[in-house]
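Dear colleague,

I am passing on a structure for you to look at alongside this message. Please open it first, and then read the notes below with the two chains in view.

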Protein chains: 2
Amino acid sequence: MIEEAITKKLDVKFLLSSSNTIRIADLGCAVGPNTFDAMQSIIDVIKLKYQTQVLPASPMPEFQVFFNDQPANDFNTLFKSMPPKREYFAAAVPGSFYGRLFPDSSLHVVYSSYALHWLSKVPEDLEDKNSPAWNRGKIHHASAGEEVLRAYAGQWADDLSSFLNARAREIVPGGIVVIVTHSIPDGMEYSELANGMMYNCMASILLDIAKRGLITEEQVDAFNLPTYAASPGEFVSVVENNEYFNIVTMGESNPSPWLTDDVHVDMNEFVSHIRAAMEGMFSKHFSREIVNEMFEQLEARLSEISVEMESAYKDKIQAFYVLQRNDSG
Amino acid sequence: MIEEAITKKLDVKFLLSSSNTIRIADLGCAVGPNTFDAMQSIIDVIKLKYQTQVLPASPMPEFQVFFNDQPANDFNTLFKSMPPKREYFAAAVPGSFYGRLFPDSSLHVVYSSYALHWLSKVPEDLEDKNSPAWNRGKIHHASAGEEVLRAYAGQWADDLSSFLNARAREIVPGGIVVIVTHSIPDGMEYSELANGMMYNCMASILLDIAKRGLITEEQVDAFNLPTYAASPGEFVSVVENNEYFNIVTMGESNPSPWLTDDVHVDMNEFVSHIRAAMEGMFSKHFSREIVNEMFEQLEARLSEISVEMESAYKDKIQAFYVLQRNDSG
């Protein structure tokens with residue numbers, strides 16, 4: 001569906017009217033290798049479109065691909081694992097995609113996969129002990145109060161607006177943004193999702209550790225994961241409030257990476273994946289011993305609720321959106 | 001003189017006719033911080049020109065700076081040391097500047113400092129035991145036979161041609177290339193320069209080690225430093241044979257970084273600088289013990305010829321060239 005949307009909507013002839021280079025960016029590329037496959041797929045789609053529909057006799061455009069992530073990302077590893085025979089000129093761009101990264105009107109296709117659920121920061125209200133959004137006994141909005149959810153949702157909407165406003169400057173009219181992201185079906189509670197159950201388990205383990213006096217409850221209250229999975233309804237609402245992009249197509253799916261034989265979750269592999277992805281955030285707030293203990297207990301705790309977890313993993317927790325830059329602004 | 005050449009020759013209004021972005025590249029940027037100063041200086045010159053001569057009332061162009069070096073360069077360190085408040089969008093480009101790095105006609109100013117004396121490879125004739133360029137008892141062309149010098153000079157000229165041909169595609173007509181590089185005054189022998197004396201010392205130490213049986217003489221013969229400092233005459237000749245660039249200005253100077261009080265070289269500091277820059281090349285060919293011993297002996301050996309070294313350090317061993325892309329091709 002993403003390929004079809006690009007094929008249908010990207011007017012290559014128009015985009016190349018002032019130069020013969022198509023510029024593509026992957027925002028939140030990490031260290032590879034998934035980004036290389038994604039970039040090659042986009043190039044293949046454009047080449048095919050060019051050959052079959054546009055100007056079969058004229059020379060193929062050149063491609064320049066920009067790999068973006070935070071300045072602390074390991075770009076050395078990214079560069080070393082880059083395909084040696086690539087069909088594009090490669091460049092890396094360090095910085096937050098919630099701000100400007102590229103000159104005006106310099107990009108044609110932007111891609112971002114599993115990156116926009118990361119908030120730019122923990123919502124400020126969550127860090128104020130006197131706020132109604134002080135997140136007592138939790139590390140996420142799952143199962144938390146209405147004020148906590150509202151603070152998270154507001155921060156996410158602000159961040160997506162910043163993302164769209166920055167991209168509106170950087171992408172030429174007619175250019176395309178492809179977003180693949182964590183999602184939650186409209187109308188569901190986050191605590192019904194497998195990740196929500198897991199965050200609740202983590203909070204519960206940390207509270208037990210606090211009861212043993214190794215950390216304080218306030219340390220648990222003050223720690224909040226800066227991640228938010230929006231529903232398609234929320235996503236569409238932010239895009240519609242932003243005047244620069246139209247939604248070309250969108251969809252939900254269930255990536256099920258942890259469902260072995262379509263039924264069971266390999267909990268050990270799941271926890272080591274989660275640990276690799278999230279340990280750094282815990283380590284900024286808790287000592288190494290506490291973080292170790294939390295992850296060690298996690299597998300056992302999750303196994304106790306494996307039936308609910310496995311059932312939840314069938315939810316459509318992945319969404320994609322293809323947006324097109326309109327002519328306004 | 002470089003600033004003046006840019007101010008005089010760079011037609012900002014013409015370059016910006018199809019976009020409002022000036023694109024600058026530093027080829028061979030290493031890990032900083034010198035590259036940040038150099039890029040800012042170029043931007044300052046262009047801004048001043050823009051404000052005073054071009055279109056004082058129209059908005060300032062945006063700047064995009066591409067930092068290039070080999071893929072093995074430590075780009076993580078480069079990104080971490082980048083000025084946080086910079087007036088440009090930054091990107092890194094991994095790869096050899098003797099090949100293509102950027103799309104057609106996508107750059108306006110290219111800068112390269114102390115990078116073009118690195119050959120793309122050791123000249124092939126030097127690796128053939130049966131060639132007249134087999135470099136017996138030496139590690140460089142200094143004091144070596146005519147065939148060895150010819151092989152080095154030929155490789156350097158081929159490499160500079162490759163550099164100019166790649167840049168000719170990437171730089172817009174009217175765009176500028178600024179090169180600062182190691183140089184040798186026309187008519188001088190490399191063995192008269194301080195670096196030549198040093199390479200001869202290194203070879204002599206390695207031959208002594210070979211006499212003690214720790215390495216073979218053939219290992220010394222087969223090792224050659226892939227670096228060549230061309231004279232202004234040679235440089236001009238390659239540019240003139242290449243049809244794409246005109247020389248706007250050029251000059252020679254004496255950077256004297258090692259002359260304390262304008263007379264004496266701090267040999268200890270000099271050797272640790274040289275070791276930091278060159279140890280890697282020796283380590284690919286000799287064991288760690290041999291490399292350690294070579295650098296340990298080097299300071300003592302150089303001190304024996306410090307009068308000649310210090311005198312040689314007054315030579316004009318730095319040159320700069322400002323080239324402009326013409327309209328041909």
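**Where the two chains meet**

Between chain B and chain A there are two salt bridges, a salt bridge being a side-chain nitrogen of Lys or Arg within 4 Å of a carboxyl oxygen of Asp or Glu. In one of them, the side chain of Glu62(B) meets that of Arg100(A) at 3.3 Å, N to O.

This is a predicted model, in which local features need pLDDT of at least 70 and side-chain atom pairs count only at pLDDT 80 or more, while totals for chains, interfaces and linings use all residues. Residues are numbered from 1 along each chain as its sequence is written, chains are lettered from A and ligands numbered from 1 in the order in which they are written, and side-chain values use heavy atoms, with hydrogens and water left out.

In all, 26 residues of chain B are in contact with 26 residues of chain A, where contact means heavy atoms within 4.5 Å. The two chains bury about 2,100 Å² between them, 56% of it on carbon and sulfur atoms; this buried area is the accessible area (1.4 Å probe) that two parts lose on being put together, summed over both. Phe79(B), Phe89(B) and Pro103(B) supply 26% of the area that chain B buries against chain A, more than any other three residues.

Chain B can be laid on chain A with an RMSD of 0.0 Å by a turn of 180 degrees and a shift of 0.0 Å along the axis, with the copies superposed by least squares on the C-alpha atoms of residues with pLDDT of at least 70 in both. That is the relation of a two-fold axis.
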